[in-house]
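Welcome, and please open your viewer with a cartoon display.

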Amino acid sequence: MEISLFQLVVICATIAVVLGFGIRAASSVHSTKGFSVGGRSAGVPLVAGGIAGTCVGGGATVGTAQLAATAGLSAWWFTIGSGVGLIIMGLFYARPLRRTALETIPQFLAQNFGLTCGVFSSIVSSIGILFSAVASCLPAIYIVSAIFGIPFFPSTILLILAVAAYAFFGGMKSAGVGGILKMIVIWVTMAIAGAMAAHSLFADASVAAALPEGTFNLLHGDTGHILANFSSVVIGMLCTQSYIQAIFSASNPRTASVAAFFAALISLPVGLPCALVGIYMHAAHPEVTPILSLPVYLLTEQPSLLGGIAMGGIMLSLIGSIAGLSLGIGTMLSRDIFHRARVTLRARKIHKLADNPEQQEIDITKIPTVNHPYHFSELAVTRAIVLATIALAAFIALANEGSQVLFWNYLSMALRSGGIFLPLSFAIFAPNTVTNLGATLSMALSTAAALIAVFLGAAGNPLFFGLAVSALLIVPSYLHHRQTD
């Protein structure tokens with residue numbers, strides 16, 4: 001992929017400006033709550049930016065163009081599903097979740113179904129979200145390699161450094177500010193690129209003649225498979241810590257709900273111009289690797305300045321998505337496992353001292369959280385987990401070069417939703433109607449069912465295997481409660 005010095009400068013400048021604003025926002029972050037939920041004072045723009053900035057990543061842009069090169073306009077279903085999921089979130093989920101004043105989905109589940117359920121959901125969600133981060137790392141590594149003309153390994157290292165700069169210091173506040181700026185860049189540049197690609201598709205008879213039949217049919221291909229993937233995205237949006245975390249950062253429940261609607265309006269249309277570019281590139285330049293369809297189009301078919309800014313926006317969409325997803329994992333593992341372990345250790349020490357008559361005069365409020373020569377703050381641990389997640393996702397992507405970006409997205413949605421969607425929904429809309437054991441078993445066995453379906457290559461979306469098992473365990477518990485109530 002040829003790139004001029006001018007385009008390279010424009011790409012780097014675009015990324016630097018957005019990263020600069022994000023790092024500047026980080027100067028006000030000094031606590032774990034400030035890092036994970038922005039001090040719980042965010043308005044509609046910041047919350048919507050945090051959500052859209054995370055969900056519009058590799059799958060929504062480069063992945064959609066990649067899939068459109070072979071599947072046509074039906075590749076748009078990914079961002080349609082994201083938008084529909086956010087609308088449902090704004091209508092039904094955002095307000096009750098924000099009223100809890102919590103920080104993570106596992107905290108909410110633990111509050112309703114017990115500690116075991118909360119810890120297990122934290123681990124399961126983290127694995128599922130990690131695969132979404134891999135989906136954004138894949139095209140990012142390809143693009144960095146193509147732009148700078150370097151092998152994949154150093155490209156991976158550069159990507160890790162860029163993502164760390166985006167989210168490591170400022171957390172949710174940096175993600176929100178960066179999300180707003182990058183969405184402005186993507187919306188403007190991709191609208192222009194999509195319009196030009198559509199014009200080229202129909203203005204050039206030879207290009208139009210090369211289009212396969214059904215290219216512009218949203219349901220072209222295996223309709224059942226398309227709708228299953230769409231459903232997995234909708235449900236996945238409602239169960240993902242990274243998006244719910246932005247909801248928790250809102251200043252009040254109404255702000256959370258309105259922000260979800262705005263995020264839907266931002267993210268839903270983004271896939272259309274990306275799909276049009278992928279369709280055009282497949283017809284006009286079939287020699288281009290599908291995963292590079294969008295980057296090559298922006299750098300060769302667009303004016304240098306516009307193409308450079310657009311590529312900077314695409315890189316920011318990938319960086320921001322990886323950062324936001326990693327932040328969700330870091331917050332869950334830090335708050336739901338590390339923090340809880342520290343509290344438990346402290347409680348045990350207090351109990352031990354209370355049972356010792358010789359130490360009754362000790363002020364227990366001055367007992368350190370952990371009895372360890374090295375004391376790490378929770379904020380430091382959260383940042384360390386975020387950094388480790390970024391690196392892990394990048395190296396998994398490096399080990400799976402050539403795989404479909406949207407494959408990882410759909411797999412992620414299935415794994416993190418199969419076990420969590422029904423327990424979460426019952427906890428919100430029908431509290432105290434499902435037993436702790438029923439919810440925990442539902443989560444464990446449905447996740448196992450989804451994983452088994454993946455590894456055995458079972459026909460059908462693994463999400464539905466998980467949901468079926470989850471329903472078999474939760475619904476009887478709910479019906480029994482209704483009968484005995």
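Helices here are DSSP runs of H or I with at least four residues, numbered from the N terminus. Keep in mind as you go that this is a predicted model.

**Stop one: α7.** Select residues 115–148, the 34 residues of helix α7. Now colour the helix by accessibility: 26 of its 34 residues are buried, so the rest of the structure largely encloses α7. Then step just past the end of α7 to Gly149, where phi is positive, at about 65°.

**Stop two: Thr14.** Is Thr14 buried or exposed? Its relative accessibility is 11%, and buried means under 20%, so Thr14 counts as buried. To see what is around Thr14, leave out its neighbours within four places in sequence and show its contacts: Val185, Gly308, Ile309, Gly312, Gly313 and Leu316.

**Stop three: α3 and α12.** Finally, select helix α3 (residues 44–55) together with helix α12 (residues 241–248). Their axes come within 8 Å and cross at roughly 170°. Angles over 145 degrees count as roughly antiparallel, and α3 and α12 are therefore roughly antiparallel to each other. Show side chains for Val47, Gly50, Ile51, Thr54 and Cys55 on α3, and for Ser242, Tyr243, Ala246 and Ile247 on α12; these residues make the contact. By class, six are nonpolar and three polar, with no charged residues.

Definitions and conventions
Residues numbered from 1 in each chain as written. Predicted model: local features only at pLDDT ≥ 70, side-chain atom pairs only at ≥ 80, totals over all residues. Heavy atoms only, no water. Helix = DSSP H or I, 4+ residues; strand = E, 2+ residues; numbered from the N terminus. Expected span 1.5 Å × (residues − 1). Buried < 20%, exposed > 50% of the residue type's maximum accessible area, 1.4 Å probe, protein only. Contact = heavy atoms within 4.5 Å. Axes fitted to C-alpha atoms, helices over the stretch in contact; angles between N-to-C directions. Parallel < 35°, antiparallel > 145°, perpendicular 65-115°, else oblique. Nonpolar A, V, L, I, M, F, W, Y, C, P; charged D, E, K, R; others polar.
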